[in-house]
Amino acid sequence: MTYYHSVRLDESKCRGCTNCIKRCPTQAIRVREGKARIHTNRCIDCGECIRVCENHAKRAESDGLDAIRAFRHRVALIAPSTFGQFRGEYSLGRLLGAFRVLGFHDVVEVAEGAEYASAAIRMAFGRYKGPRPLISSACPAVVRLIEVRFPSLLPQVVRVEAPVDVAAKLYRRRDQEALGLAREEIGIFFITPCPAKITAAKERKEAGQGEIDGCIAMADIYGPLRKALVAPDTPELPIRAGGLGLGWARSGGENQAIGAGELLAVDGIHNVAAVLEEIELGKLGDVDYLEANACIGGCVGGPLTVENPYVARVKIRRLAEKLGTSAIKPEIEAETEALEKEGFFTIPVPLTPRPSLVLDQDVKKAIDKANQIEETLAVLPGLDCGACGCPTCRVLAEDIVLGQASLTDCVIKLREELARMAGDLLNLAQKLPPAMGQEKKEES
Amino acid sequence: MVLHFEVRGGDFAAAGEASSRLKAVLRQLGLEANLIRRVAIATYEAEMNVVIHAYHGRIEARIAPAAVEVAVTDEGPGIPDIELAMQEGYSTAPEAIREMGFGAGMGLPNMKRCADELRVESQVGVGTSVYMRFSLPGTAKEDRGEDR
C-alpha cells in the first residue's frame, strides 16, 4: 500500500547532506546517490526535515491561491495560529477581512471549531473505560506517528474530530443550505501551518469523507495577506471565537480549553515519541489526557508558518486573554452535546496500524533477520556518522539485512577492507620469484 | 533469538531502557500490538524492581515464534514473603523512592496480570529471579489494560 505525502524533495536543491536523516522521527530518510530519499511508508509528514534543511530542498506540496477560482463560493478556514503571524497593530477582524481581499467569500475561524472539539473531548472522558491516558487526535503528525511506531496505543487515541474538520463540517451543515448552493459549488480551503494537515485533508477527501477541498500553505500567502492587511478598503469582520479556541494555536491551549481532569501537554515530535514510549510501558496511567503537538510550541511552530514560534506564542496568549479564557460559551456547550448525540464529532475514517518497521511478515523469518541485524550491528563502528546515508549504524544494519545497503557503505568498514587489501598487496609485492627469493633469505 | 540487558540498581536515569529496546525489537518482528504491550509493561515493572531494590540485575529475553520468555535475575536483598509481595499495594520501597512516584506496590501484580506464566524465586540476602512467559496470539490472556 502506498500513502500520499505532502512532504516532498526538490532534487535540484538537495546537496545530499545528512541533516534531515538525523532528525527524522521515523527514520524514513536515506541519502542515496547524493539525494535524500523519503520512504513513503514511514513518513508521517511532520515536516521536521523541512525545518532542518538548510538548502530548503524539502517542501510541502500545497495548493496555490489560484485553486480557489475553480469554485463559485470560496471559503477560507483560518487556523488559530494565523493570528500569531503578523506584527504591528491591527484588529483581528481586519485580519479576517484580509482574506476577503484575497478572493474568499467567507472566512471561518477554526478556533470556533476548536471550542466545540474541546467540549466534545471533555464528554469523551466520561464514556471512556480503557487504559489511560486518552491521546489527542488533533495533531495529524502525532496520529501518524502512533500508526507507524506505537500501534498498540491506537485504541487510546480519542476519536473526536480535529478543530479544522469540525469547522468545515459545521460550515457545510449550517451555511451551505443557507447559501442555496450545491456542495461542489462551495470550495473550502484550509490556510495551513502544517504539512501533515495537507496529507490528512487529502486522505479524507479520497476516502469520500473530506469536507476540505484544498490546503494553502500559510507561508505561500503571507505576502499578499500582509498587503491586504494594510489596504484601505479591507473590511472588518466580526470575531466569533473565544480565547479558549484561539489558544489551541499554542502548546497547552487545548488542555486549557478542555479544562477538566489530569491533563498533560507535550510538544516537539521527539518529545512526543519519548512520552508515547512511556505510555506504552504502562507509565502515566494516572494521566487522563495527553495533548501532543508535533511542533515545538504547538501549531504556531508549524513548518509552514512565518513568524518566530516564540513570538507567535506570546502573541496568541495575549490575544486569547483579551478575548476571554474563563469558559466556553454555554450555547456552544449545549450545541456540542446535541451534535455529539448524533455522532457529529466521531472521526469517520478508521485509524490503521502502519507497521512499516516490521522486518518480515513471517515471524520466523523476522526473528532470523533480527538476529542478523544484531550480528551486523556488532561489527559496525557505532559512530552513527551518517556517511553511509543512514541515520544510525543500527539503521544501516537493518538496511543491510533487508538487502537495501551493503557493509562497504560504511566508510569505516570500507577503510578496514582497503587496509586489509593493501596488506595483501604488500605481502604479494614482497614475494620474490624463487630464483631471487633464495638470495633474499640469505641476506636476512 | 536471545537478547541480554544489564540493569544497574539505583540507576533511575537509565531505567526503562532495556524494556524500550526489547519493545523495539518485538515491534520489528511484527508481533501483535497487544502482546508487545503486555511484554513491555511486565518487563518494565521487573526492570524497575531491580533499579529500586537490587544492586545489579540481568534481563534475558528469548523470542521464539510461539512465545516470548523474559527472565530477570538480580543480586539484591531478596523477597522474604513472595505471597505478600504479590498483593496489590504491598511495597517495601523506601519513602524517598515512593515520593518519586515509584514503588506503589503494583510491580509484581502488574507482571502477573500481563504474563501468561509468572514464576518468582527469591533468597533473602542473595537475590531474586523472575521468569515470565508470554504466549503469542491464540493462547494469549486478555489484556485488561490496567496501569499502575
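Predicted model: local features only at pLDDT ≥ 70, side-chain atom pairs only at ≥ 80, totals over all residues.
Figure 1. Chain B contains 5 helices and 5 strands. Read from the N terminus, these elements follow the order β-α-α-β-β-α-α-α-β-β. Of the 148 residues in chain B, 39% are buried. Among the contacts in chain B with a separation of 6 or more, 61% are between residues 24 or more positions apart.

**Figure 2. The contact between chain B and chain A.** Chain B contributes 24 residues to this contact, and chain A contributes 22 residues. On the side of chain B that touches chain A, the elements giving two or more residues are helix H1 (17-28) and helix H2 (33-53) of chain B. H2(B) supplies 7 residues, the largest share of that side. By residue class, the side of chain B that touches chain A comprises 11 nonpolar, 8 polar and 5 charged residues.

**Figure 3. The cis peptide bond between A:Arg132 and A:Pro133.** Most peptide bonds are trans. The bond joining A:Arg132 and A:Pro133, by contrast, is cis, with omega about -5°. A:Pro133 is located in the loop that runs between helix H4 (110-127) and strand S7 (134-135) of chain A.

Figure 4. A negative phi is found in most residues other than glycine. Is A:Gln27 partly exposed or buried, and how many other C-beta atoms lie within 10 Å? There are 19 other C-beta atoms within 10 Å of that of A:Gln27. Because a residue is buried only if 20 or more other C-beta atoms lie within 10 Å of its own, and exposed if 12 or fewer do, A:Gln27 is classed as partly exposed.

Figure 5. A:Leu284 occupies the loop of chain A between helix H11 (269-280) and strand S11 (289-293). Its C-beta neighbours inside 10 Å number 18, so A:Leu284 counts as partly exposed.

How values were computed: Residues numbered from 1 in each chain as written. Chains lettered and ligands numbered in written order. Helix = DSSP H or I, 4+ residues; strand = E, 2+ residues; numbered from the N terminus. Contact = placed C-beta atoms within 7 Å. Nonpolar A, V, L, I, M, F, W, Y, C, P; charged D, E, K, R; others polar.
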